[in-house]
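I opened my notebook to look up charged pairs and surface spots. Here is what I wrote down.

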Amino acid sequence: EGYEKVLGAEHPDTLTSVSQLGTALSRQGKYEEAEAMQRRALQGREKVLGAEHPDTLISMGNLALTMNSQRRWDEARNLEEWVLSTKKRVFGNEHPETLTAMNGSRHRDLHYLSFLRQPHKRG
């Protein structure tokens with residue numbers, strides 16, 4: 001709120017704070033609130049920085065992680081695949097940003113497989 005009052009809602013530093021708040025909320029298991037903050041940061045960054053800016057791609061990745069935590073795997077996968085393909089095109093295959101995105105996709109897949117292997121209660 002402080003950044004927003006001083007710098008404005010669309011200033012990159014304000015959007016970074018919003019993104020960080022979304023990440024903190026997600027880590028606390030407050031996924032709906034986290035998603036709202038992450039979408040706000042993503043929309044602002046897309047508008048101000050562009051869809052292919054590294055900060056915008058980070059916001060997309062954060063949103064995908066929150067979706068993954070909510071077991072919204074198809075949505076998370078679609079977003080992660082777009083982020084990865086964009087990072088490959090913009091940065092190249094060996095860039096740390098691209099490699100981080102590749103690792104995130106593997107983590108999501110392992111999380112999903114782990115969920116499938118758990119015994120589930122039947123109603």
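My entries on this structure follow.

I noted that this is a predicted model, where local features need pLDDT of at least 70, side-chain atom pairs count only at pLDDT 80 or more, and totals for chains, interfaces and linings use all residues. Residues are numbered from 1 along each chain as its sequence is written, and side-chain values use heavy atoms, with hydrogens and water left out.

**Salt bridges.** Side chains of opposite charge can pair when their charged atoms come close. I counted a salt bridge when a side-chain nitrogen of Lys or Arg lies within 4 Å of a carboxyl oxygen of Asp or Glu. I got six salt bridges.

**Glu10 and Lys47.** Their closest N and O atoms are 2.9 Å apart. Glu10 sits in the loop between α1 and α2, and Lys47 in helix α3 (residues 31-49), so the pair ties together parts 37 residues apart in sequence. I took helices as DSSP runs (H or I, at least four residues), numbered from the N terminus.

**Arg39 and Glu35.** This salt bridge also has its closest N and O atoms 2.9 Å apart. The two are four residues apart in helix α3, about one helical turn. Is Glu35 buried or exposed? Glu35 is buried, at 12% relative accessibility. Buried means under 20% relative accessible area, exposed over 50%, and partly exposed in between (1.4 Å probe, protein chains only). Arg39 is partly exposed at 33%.

**Network.** I found Glu35, Arg39, Arg72 and Glu75 linked by salt bridges.

**Asp74 and Arg77.** They meet in a salt bridge at 3.2 Å, N to O. Asp74 is exposed at 54%, and Arg77 is partly exposed at 23%.
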